Amino acid sequence: MKNKYKIALVAIVTSAIAGTAFAQFARPDAAIKYRKAVFTVMGTHNARLGAVAKGEVPFNKDEVIRNAYIVNTMASLPWQAFGSGTEGGDALPAIWSEASKFKSAQEKLIAATASLSSAANSGDLEAVKKATANVGAACKNCHDDFKKK
Ligand code: HEC
């Protein structure tokens with residue numbers, strides 16, 4: 001099961017990298033669908049970590065590692081789908097008019113999810129809680145400026 005998951009993710013990541021190289025979205029609505037799908041997967045697995053951090057779900061190291069791995073992998077994917085001409089969805093125009101600020105909000109998330117992965121691998125619940133809070137702050141930081149409410 002775990003391996004199947006990894007193979008599926010490798011396939012997603014590989015096609016995502018190919019997508020970057022070939023500017024692969026045929027139409028803007030395909031790009032919007034892609035980024036929303038990535039955010040949905042990222043949000044789902046991030047919420048599972050949030051439930052552990054809040055003590056609603058018992059701490060299981062393997063599950064936490066798996067969820068952190070998915071969140072960290074997803075964190076690098078949506079951005080290729082915000083090319084010019086892909087305005088729409090819940091994306092605010094500031095994404096394109098303040099591109100460097102948007103980019104730095106992405107980098108904050110990517111750094112936070114990398115730390116989350118390390119915290120998960122450490123098996124230390126307190127470290128996981130802290131890292132989860134930092135990831136949540138990075139999500140909110142970007143949504144406040146760049147996503148419709
Ligand atoms: C750098 C900016 C940025 C960061 C960081 C970010 N998001 Fe988002 N998120 C967006 C934007 C922009 C949209 C709207 C996309 C659209 O509608 O096209 C969005 C949409 C979403 C959606 C809705 C998807 C849908 O189906 O409409 C979810 C869920 C979500 N984000 C979760 C998260 C979570 C969880 C994190 C942190 C782990 C996060 N996001 C981090 C910019 C960001």
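This is a predicted model: local features need pLDDT of at least 70, side-chain atom pairs count only at pLDDT 80 or more; totals for chains, interfaces and linings use all residues.
Figure 1. Leaving aside residues up to four places away in sequence, Thr 86 touches Pro 28, Ala 31, Ile 32 and Arg 35, together with Ala 81 and Trp 96.

Figure 2. The iron atom has His 143 as its only protein donor, and the donating atom, NE2, lies at 2.0 Å. His 143 is placed in helix α6, which spans residues 125-146. A polar side-chain atom of His 143 is also found 2.8 Å from a nitrogen atom of the ligand.

Figure 3. The ligand is surrounded by 26 residues, of which the closest are Arg 35, Asp 90, Cys 139, Cys 142 and His 143. Arg 35, listed here among the closest residues, is also one of the residues that Thr 86 touches. Lys 36 places a polar side-chain atom 2.9 Å from an oxygen atom of the ligand, and an N or O atom in the side chain of Thr 40 is 3.4 Å from an oxygen atom of the ligand.

**Figure 4. Aromatic pairs centred on Phe 102.** Eight aromatic pairs are found when the whole structure is searched. In one of them, the ring centres of Phe 82 and Phe 102 are 5.1 Å apart and the planes stand at 75°, so the pair is edge-to-face. Because Phe 82 lies in the loop between α3 and α4 while Phe 102 lies in helix α5 (residues 99-122), this pair ties together parts that are 20 residues apart in sequence. Both Phe 82 and Phe 102 are buried. The rings of Phe 102 and Phe 146 likewise have their centres 5.1 Å apart, with their planes at 65°, so this pair is edge-to-face. Since Phe 102 is in helix α5 and Phe 146 in helix α6, the pair ties together parts that are 44 residues apart in sequence. Phe 146 is buried, as is Phe 102. Ring pairs join Phe 82, Phe 102 and Phe 146 with Phe 39, Trp 79 and Trp 96 into a cluster.

Figure 5. With a relative accessibility of 62%, Pro 93 counts as exposed, whereas Phe 146 is buried. The C-alpha atoms of Pro 93 and Phe 146 are 7.6 Å apart in space, although the two residues are 53 residues apart in sequence.

**Figure 6. Lys 61 and Asp 62 in helix α3.** Lys 61 lies in helix α3, and Asp 62 has its place in helix α3 as well. Lys 61 is partly exposed, with a relative accessible area of 38%, and Asp 62 is partly exposed with a value of 49%. Not counting residues up to four places away in sequence, Lys 61 touches Ala 120, Asn 121 and Gly 123. A polar atom of the Lys 61 side chain lies 3.4 Å from the backbone oxygen of Asn 121. For Asp 62 and Ala 120, which are 58 residues apart along the chain, the corresponding C-alpha separation is 8.5 Å.

**Figure 7. The side chain of Thr 73 in helix α3.** Thr 73 lies in helix α3, and at 13% relative accessibility this residue counts as buried. The side chain of Thr 73 reaches the backbone oxygen of Tyr 69 at a distance of 2.7 Å.

**Figure 8. The protein as a whole.** The protein has six helices and zero strands, and along the sequence these follow the pattern α-α-α-α-α-α. Of its 149 residues, 33% are buried. Among contacts with a separation of 6 or more, 75% are made by residues 24 or more positions apart. The protein exposes about 8,500 Å², and 60% of this area is supplied by carbon and sulfur atoms.

Definitions and conventions:
Residues are numbered from 1 along each chain as its sequence is written. Side-chain values use heavy atoms; hydrogens and water are left out. Donors are N, O and S atoms within 2.8 Å of the metal (3.2 Å for Na, K and Ca); water is not among the atoms, so sites may look incomplete. Helices (H or I, at least four residues) and strands (E, at least two) are DSSP runs, numbered from the N terminus. Contact means heavy atoms within 4.5 Å. Rings of Phe, Tyr and Trp (its six-membered ring) pair if their centres lie within 6.5 Å; planes under 30 degrees apart count as stacked, over 60 as edge-to-face and the rest as tilted. Buried means under 20% relative accessible area, exposed over 50%, partly exposed in between (1.4 Å probe, protein chains only). A residue is near a molecule or strand if one of its heavy atoms lies within 4 Å of it. A polar contact is a pair of N or O atoms within 3.5 Å; within protein, one must be able to donate a hydrogen and the other to accept it, and residues adjacent in sequence count only if both atoms are side-chain atoms. Accessible areas come from the Shrake-Rupley method with a 1.4 Å probe; for residues, only the protein chains shown count as cover.
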